[in-house]
Amino acid sequence: MSAMMSVTWSSSSGFGFLSKKEYSAPSWASRLNPSPSHLFSLAHLPTPIHRWNLPNLPHDTELWIKRDDLTGMQLSGNKVRKLEFLLADAIAEGADCVISIGGIQSNHCRATAVAAKYLNLDSHLILRTDQDHEDPGLVGNLLVERMLGAHIHLVSKHDYANIGALTLTNLLKQNLINQGRTPYVVPLGGSNPLGTWAYIEAIREIENQVHTATPDVKFDDIVTACSSGATIAGLSLGSSLSTLKAKVHAFNVCDDPDYFYTVVQGLLDGLKAGVNSRDIAHIQNAKGIGYAMSTTEELKFIKEVAQATGVVLDPVYSGKAAYALLKDMSENPKKWEGRKVLFIHTGGLLGLYDKVDQLASLVGNWQRMDVGESVPRQDGIGKMF
C-alpha cells in the first residue's frame, strides 16, 4: 500500500466481520485503566467449549477445552483476539503499515500479517533465525506470510539476544519513518496492556457460555500456555474480577516462571489493576528442551491426543502445555481430583509443518491399497482424470 493512501473505516458492516466497533468493558473490569474504545471484528467468536475426554485423568476430574484454535484468520488462534484491539489502535493512529517480531515460525507474526492485509496495511516482520543470510524457505507460517507479501527482515539469534526485540522494532520503525511511512509496532506476541484486554474480554465470553450451559458447569481451573504474557494476564485478572473465580494456571513454553510473574505484573500495573501476579496466577515450567524445540515424547503425546480425541495440538504452545498438565495430573492427582478444568487451546497448527521430520516415524500408518486386476470398472459421480 502506498504511503500516500489512506483508509477510512466504517463503524458498521452488513455482516459484522472486519467492521470497527465501539468497545465497552465488562462492568467488573470498569475500574481498569486505560480501557480501549474500539476494536475490529476479526475473530469468529465465541469459540466453542466441549468436553475433552483424554484418558488417565485423576478420579472424578472433568477436562474441558475452549477451542481458540478456531478463531479463524488463517488458523491464528489466540493472536487474533489481541489483534482486534491492537490494529484498531493502529488505524486510529493513522498507520499505513505494522511491524512485529518473533521466531522464524512465529504464529503471532503470521497472524499479524494476515490481519494487517485484511485491513489494507503492509506488514514488516522481524524474524529470528539461525540462518539469517539464507532464504528462510516456505514452511508453515513462512509460506502464508510470503504469500501475503509480508516484508521479511531476518535477524540472527545472536543479534536478537544482544540487541533485544524492542530496539530491533524501533530501528525498523525509524527506517520506515525515514521512507515516509507511518508504522505501528505490534509488540512481541501482542503483549502489552492493550493486548491484555483480549483475554479479559475472553473471560466475559466464557462467563456468558457458562451461564447458558445446560447443565450449568462451574470451572474450578483454567489452564493455558504462556509465551509472552498477555493471555495469562488477561485470563487471571478477568477470572479474579468476574463471577468465574477459577484458579488460572499457565505453563510457560519459554523463559521461566519468575520471568513471567514479572512480565504479567508489568501488564497488570499497566492497567492499574492493583493486584499481585503471584496472587492470581499459578505459573509452571513446560519449556522442555527449549522454545519451539520438541522431544519425541512431546510429539508422541500430540499424536496420541489427536488419535484419541480429534483435537490437534501445536508443538510450540498448547502441545507443551497439555503435556505438562497431564504430567502434573499424573504426579499430583490429589491436586486435580474432582475438579472441572478448562484448557484454552491457543492454536498454532502451522507450527507442526516445521516438525515433519521428527513426526515422520510417529505417523507412518499407511499402506498401498491392494486392487486386483479382475475388479470391474465402475465410474463414480465425477472423474478426476
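This is a predicted model: local features need pLDDT of at least 70, side-chain atom pairs count only at pLDDT 80 or more; totals for chains, interfaces and linings use all residues.
**Entry 1**

I looked up how the strands are arranged. Four strands make up an open sheet, and their order is E7-E6-E5-E8. The pairing is parallel. I noted for myself that strands of a sheet pair through backbone hydrogen bonds, either parallel or antiparallel.

I then asked which strands sit at the edges. They are E7, residues 151-156, and E8, residues 183-185, and each of them pairs on one side only. From one strand to the next, the twist averages 25°.

**Entry 2: E5 and its surroundings**

I went on to strand E5, which covers residues 97-103. E5 and E8 run parallel and are joined by three bridges. For Ile 99 I found the bridge partner in E8, and it is Val 185.

Next I checked what packs on the sheet. Helix H2, residues 107-118, does so, touching E5 and strand E6 (122-129). The direction of H2 makes about 165° with that of E5.

**Entry 3: Thr 231**

I turned to Thr 231, which I located in helix H7, residues 230-241. Is Thr 231 buried or exposed? Its relative accessibility is 5%, and buried means under 20%, so Thr 231 counts as buried.

I listed its contacts, leaving aside neighbours within four places in sequence: Asn 78, Lys 82, Tyr 199 and Thr 224.

Technical notes
Residues are numbered from 1 along each chain as its sequence is written. Side-chain values use heavy atoms; hydrogens and water are left out. Two strands pair if DSSP finds at least two bridges between them. Helices (H or I, at least four residues) and strands (E, at least two) are DSSP runs, numbered from the N terminus. Axes are lines fitted to C-alpha atoms, for helices over the stretch in contact, and angles run from 0 to 180 degrees between N-to-C directions. Contact means heavy atoms within 4.5 Å. Buried means under 20% relative accessible area, exposed over 50%, partly exposed in between (1.4 Å probe, protein chains only).
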